[in-house]
Amino acid sequence: SMQMDDPKRGFGLTRQGPLDMRMDAARFPGEPTAADVVNFLDYDSLVQVLKLYGEEKHAKKVAQAIVDSRFLMKNLRTTTELAHIVEVALTDTHGSGSVDSLGRPSHPATKTFMALRILVNNELNELHWALSLLRHWLRPGARLAVLAFHSLEDRIVKRHFQGVDMSEPVNIAQRLRNAAVWHSAEEMVSERQHHWQPLGPLQLPSRIETEHNPRSRSAKLRVAERAATA
């Protein structure tokens, strides 16, 4: 939350800041920023990023608006510039009455910003490898609780706990969506018996929690126990 609230980090939609979005820019100063992505990625790649990581239904329209802006503005440099471009591009499709799950106004560029942040920080792969390592580091009987804040993260956690073998996936997010194609029910049960045993149902925030802490509205908590056999 501290990073999200700091306009200098480039995560916010409404407060002007550099189009950065790197979680650890000081440690990895040479890594690409969100500005690098929107200024140099080609149209087809932008569409893929927006669809895959932002689950943006209007990815083609947003990508085209970003590419067109390069000829008018040269390089996109700030968060408000990008937010405005996406907002204008989606005026007809998003509408002025769009709201989030709490009934609050929803900005048209929300999914675009999420997609860029996930890509720049390699978030899905980081989560996947962290869960893979924990499977080997935790002793049998140890419990792991994972709190995810959007569907792509939760899908990875769910598949790991269900026993889906995701070693060396070509595309993690896409492969997760097609888990039933890649893995039979028997394979998933076998993997789960050897690695994780989910504990209890999926935990979601209560109405009171979301009222006091709006950012918890998309939180999903899953808990699993390290299986006794490996």
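Helices (H or I, at least four residues) and strands (E, at least two) are DSSP runs, numbered from the N terminus. The model in these views is predicted, so local features need pLDDT of at least 70 and side-chain atom pairs count only at pLDDT 80 or more, while totals for chains, interfaces and linings use all residues. Residues are numbered from 1 along each chain as its sequence is written, and side-chain values use heavy atoms, with hydrogens and water left out.

**View 1. Glu211 and Arg207 pair up in a salt bridge.** Welcome to the helix view. A salt bridge is a side-chain nitrogen of Lys or Arg within 4 Å of a carboxyl oxygen of Asp or Glu. For Glu211 and Arg207, the distance from N to O is 2.7 Å. Both residues belong to helix α13 (residues 207-212), and because they are 4 residues apart there, about one helical turn separates them. Arg207 counts as exposed because its relative accessibility is 59% (buried means under 20% relative accessible area, exposed over 50%, partly exposed in between, with a 1.4 Å probe and protein chains only).

**View 2. Arg155 forms a salt bridge with Glu55.** The closest N and O atoms of Arg155 and Glu55 are 3.6 Å apart. With a relative accessible area of 26%, Glu55 is partly exposed.

**View 3. Glu225 and Arg143 meet through their side chains in a salt bridge.** Here the N to O distance is 3.2 Å. Glu225 is in strand β3 (residues 220-226) and Arg143 in strand β1 (residues 143-148), so the pair ties together parts that are 82 residues apart in sequence. Glu225 is partly exposed at 25% relative accessibility, while Arg143 is exposed, with a relative accessible area of 60%. How many salt bridges does a search of the whole structure find? The search finds 6.

**View 4. Leu82 belongs to the largest nonpolar core.** A nonpolar core is a set of buried Ala, Val, Leu, Ile, Met, Phe, Trp, Tyr and Cys residues joined through side-chain atoms within 4.5 Å. At least two residues of the core come from each of α2, α3, α4, α5 (79-89), α7, α8, β1 and α9. Domain 1 (2-121) and domain 2 (123-226) each give at least three residues to this core; these bounds come from an automatic or database domain assignment. Leaving aside residues up to four places away in sequence, Leu82 touches Leu19, Val38, Ile66, Leu76, Phe113 and Leu116 (contact means heavy atoms within 4.5 Å).

**View 5. Met21 has a positive phi although it is not a glycine.** The value for Met21 is near 75°. Look for Met21 in the loop between α1 (2-5) and α2 (34-40). Is Met21 buried or exposed? Met21 counts as buried because its relative accessibility is 1%.

**View 6. Asn122 also has a positive phi and is not a glycine.** For Asn122 the angle is about 55°. Asn122 is found in the loop between α7 (110-121) and α8 (123-137). At 35% relative accessibility, Asn122 counts as partly exposed.
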